[in-house]
Amino acid sequence: MARVVTRQHKVIATIAAWLVAFLIFFPILYTIITSLKTEPEAIAGFSLIPSGTFENYITVQTRNDYIRPFMNSVILAVGSTILALIIAIPAAWAMAFSPTKRTKDVLMWMLSTKMMPAVAVLVPIYLMFRDFGLLDTHIGLTVMLTLINLPIVVWMLYTYFREIPGEILEAARMDGAGLWQEIVYVLTPMAVPGIASTLLLNIILAWNESFWTIRLTTTTAAPLTAFIASFSSPQGLFWAKLSAASTMAIAPILILGWFSQKQLVRGLTFGAVK
Amino acid sequence: MGSITLNKVSKSFGEAKVIPSIDLEIVDGEFVVFVGPSGCGKSTLLRLIAGLEDVSGGKIMIDGKDVTDNAPAQRGLAMVFQSYALYPHMSVRNNIAFPLKMAKVDKAAIDQKVTDAARVLNLTDYLERRPSQLSGGQRQRVAIGRAIVREPSAFLFDEPLSNLDAALRGTMRLEITQLHHQLKTTMVYVTHDQVEAMTMADKIVVLNRGNIEQVGSPLDLYSRPRNIFVAGFIGSPKMNLIEDDYARSKGAKTVGIRPEHFTLSRDSGLWSGTVKVAEHLGSDTFLHLDVDGIGHINARCDGEFGARHGDRIFLTPNETKLHRFNEQGLAI
Ligand SMILES: Nc1ncnc2c1ncn2[C@@H]1O[C@H](COP(=O)(O)OP(=O)(O)OP(=O)(O)O)[C@@H](O)[C@H]1O
Ligand SMILES: [Mg+2]
């Protein structure tokens with residue numbers, strides 16, 4: 001009897017999980033479907049069956065070059081992620097392995113900056129960017145993306161590093177490893193999964209960031225988010241083309257996410273410590 | 001060689017003085033066990049010897065050489081941790097080889113030593129596995145293998161068996177004892193398991209709040225505890241400590257009687273009491289008694305003693321085996 005109940009629960013839970021996953025994925029799916037419709041079809045109302053035209057993709061590509069914003073997205077996402085890791089790894093390292101009484105407060109303070117609405121600092125930041133000549137530059141936007149994601153990167157790395165049991169590092173010390181050997185042969189290999197997951201997540205966050213990328217760029221440094229936005233304003237709305245542009249913008253990151261999903265969910269401890 | 005000398009060693013963590021001042025002599029080849037209640041500073045003392053913590057005062061000598069300011073690696077000791085602390089990303093082979101690689105031993109010699117260690121520890125079939133693919137006992141053997149390949153001058157163990165189940169603990173206990181007979185290397189072993197302490201040690205060091213209460217051979221501590229603390233700590237079930245009239249009649253503040261030092265009878269005896277709980281182990285019987293005018297008493301007798309909850313029985317303490325303690329808790 002108990003068995004049957006658990007089985008039922010399992011089935012229900014599985015169905016629920018699929019349902020939630022589908023709900024979350026549906027907007028993306030509908031975007032892709034819409035991108036395959038003609039403009040009249042797109043505004044005609046809800047329908048899941050497109051006429052299957054690729055015309056929108058061609059129009060989007062001819063009207064507005066895709067390659068350049070794509071390259072900008074890559075530069076900004078990868079650049080800001082590497083910069084963030086360079087700053088965050090030593091920071092998280094210090095906080096995880098030699099914490100002080102204030103470590104927790106510093107972490108909370110860093111996170112609290114994420115609770116502030118971005119619009120609140122839009123004007124000062126815009127003015128600063130303008131005065132320093134950073135508007136629509138790769139360097140300016142890379143720094144901006146680094147700064148907004150840094151708290152999350154530090155937090156993630158800190159939690160990963162804290163999972164590394166201190167006794168393993170002590171064992172290495174007993175085994176004759178110097179500080180450098182300890183870092184190279186023991187610490188880093190154990191931290192790599194954590195660093196990799198952080199790197200991937202941050203690339204995704206930076207790729208999708210749209211508040212600052214749209215407001216601080218025009219053309220030279222404009223990434224795919226700005227590319228999508230450019231289809232929504234001056235000439236009125238073109239749902240199908242907008243959808244095609246969106247699909248093209250999210251495709252790379254969806255593919256990256258798909259291939260790295262194992263890495264993204266992978267934990268840190270492999271069973272060295274019981 | 002592996003003699004270790006502690007000279008007025010003390011340790012504080014900030015304000016907290018965990019170890020006030022300890023003098024201790026560990027002779028080369030000895031199996032020394034540190035026991036004591038949780039939080040008394042056993043691990044801290046071991047880590048001071050290992051060099052994983054810096055002393056706040058005093059000196060540590062290994063083989064007559066002052067190593068107080070030396071890094072762990074320079075002390076020539078090996079440590080086995082309670083959590084095993086294996087390198088999760090390395091195979092068993094590489095785990096065991098790691099200290100040799102750090103010591104820049106050449107490849108052929110490493111292979112030879114790893115093979116030998118694996119044979120001694122029954123790990124030959126597991127050399128290519130990761131630690132996560134091993135059972136608890138196997139993991140602990142890898143940790144021991146990693147320690148023995150370096151041929152250290154002494155081994156330090158911090159509760160190495162406490163994560164294992166009872167049966168495996170028994171087997172591993174024997175294995176470590178045999179290893180000690182084979183290698184004849186100094187071993188310092190922290191535990192709070194009575195059986196481990198009594199069976200493995202050449203010398204037991206009883207610690208309490210960072211102080212040494214007594215040092216001696218297991219049977220020494222068992223039959224001649226220096227004070228009430230040691231009397232109560234060594235031996236399981238615990239020694240009965242009796243105060244008041246009976247103690248005064250023996251000219252002491254407190255009298256200690258081990259559970260096995262009673263003669264039990266159904267008909268007659270010095271004291272009478274009611275059985276609260278009877279534990280029948282087959283080989284022994286443990287009785288928890290409520291003795292008239294005395295209070296709670298643990299008694300133990302060999303073989304089966306057919307008493308049940310609520311039975312009235314008589315018991316007589318063996319007067320020649322009494323332990324007497326004065327007002328300060330010291331043995332008289
Ligand atoms: N790094 C540290 N910082 C501050 N206090 C510490 C530190 N390490 C240990 N202590 C304190 O020192 C005391 C002794 O700790 P220790 O770990 O040596 O005890 P133990 O005898 O090994 O106990 P157990 O049997 O529970 O392992 C404890 O009160 C502990 O709280
Ligand atoms: Mg301990």
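Predicted model: local features only at pLDDT ≥ 70, side-chain atom pairs only at ≥ 80, totals over all residues.
**View 1. Chain B as a whole.**
Start by zooming out to get your bearings on chain B, whose C-alpha trace spans about 75 × 45 × 35 Å along its principal axes. The chain has 332 residues, and 51% of them count as buried. Its secondary structure comes to 9 helices and 18 strands. Of the contacts in chain B with a separation of 6 or more, 64% are between residues 24 or more positions apart. As for confidence, the mean pLDDT of chain B is 93, with 100% of its residues at 70 or more. The model as a whole scores ipTM 0.85 and pTM 0.77.

**View 2. The shell around ligand 1.**
Around ligand 1 sit B:Phe13, B:Val18, B:Glu159 and B:His192, along with a run made up of B:Ser38, B:Gly39, B:Cys40, B:Gly41, B:Lys42, B:Ser43 and B:Thr44. Sorted by class, this shell holds 3 nonpolar, 6 polar and 2 charged residues. Which helix gives the largest share of the shell? That would be helix H1 (residues 42–50) of chain B, with 3 residues.

**View 3. Polar side chains reaching ligand 1.**
In the side chain of B:Ser38, an N or O atom is 2.5 Å from an oxygen atom of the ligand. B:Ser43 has a polar side-chain atom 2.6 Å from an oxygen atom of ligand 1. For B:Lys42, the distance from a side-chain N or O atom to a ligand oxygen is 2.7 Å. On its own, ligand 1 has 640 Å² of accessible area, and the protein covers 56% of it.

Is B:Asn298 buried or exposed? It counts as buried because its relative accessible area is 14%, under the 20% cut-off. Its side chain makes a polar contact with the side chain of B:His296, at 3.3 Å. Leaving aside neighbours within four places in sequence, B:Asn298 is in contact with B:Pro237, B:Lys238 and B:Asn240, with B:Pro259 and B:Phe262, and with B:Leu287 and B:His288.

Conventions. Residues numbered from 1 in each chain as written. Chains lettered and ligands numbered in written order. Heavy atoms only, no water. pLDDT = per-residue confidence, 0-100. Near = heavy atom within 4 Å. Polar contact = N/O pair within 3.5 Å; in protein donor to acceptor, adjacent residues only side chain to side chain. Areas by Shrake-Rupley, 256 points an atom, 1.4 Å probe, with all protein chains shown as cover. Helix = DSSP H or I, 4+ residues; strand = E, 2+ residues; numbered from the N terminus. Nonpolar A, V, L, I, M, F, W, Y, C, P; charged D, E, K, R; others polar. Buried < 20%, exposed > 50% of the residue type's maximum accessible area, 1.4 Å probe, protein only. Contact = heavy atoms within 4.5 Å.
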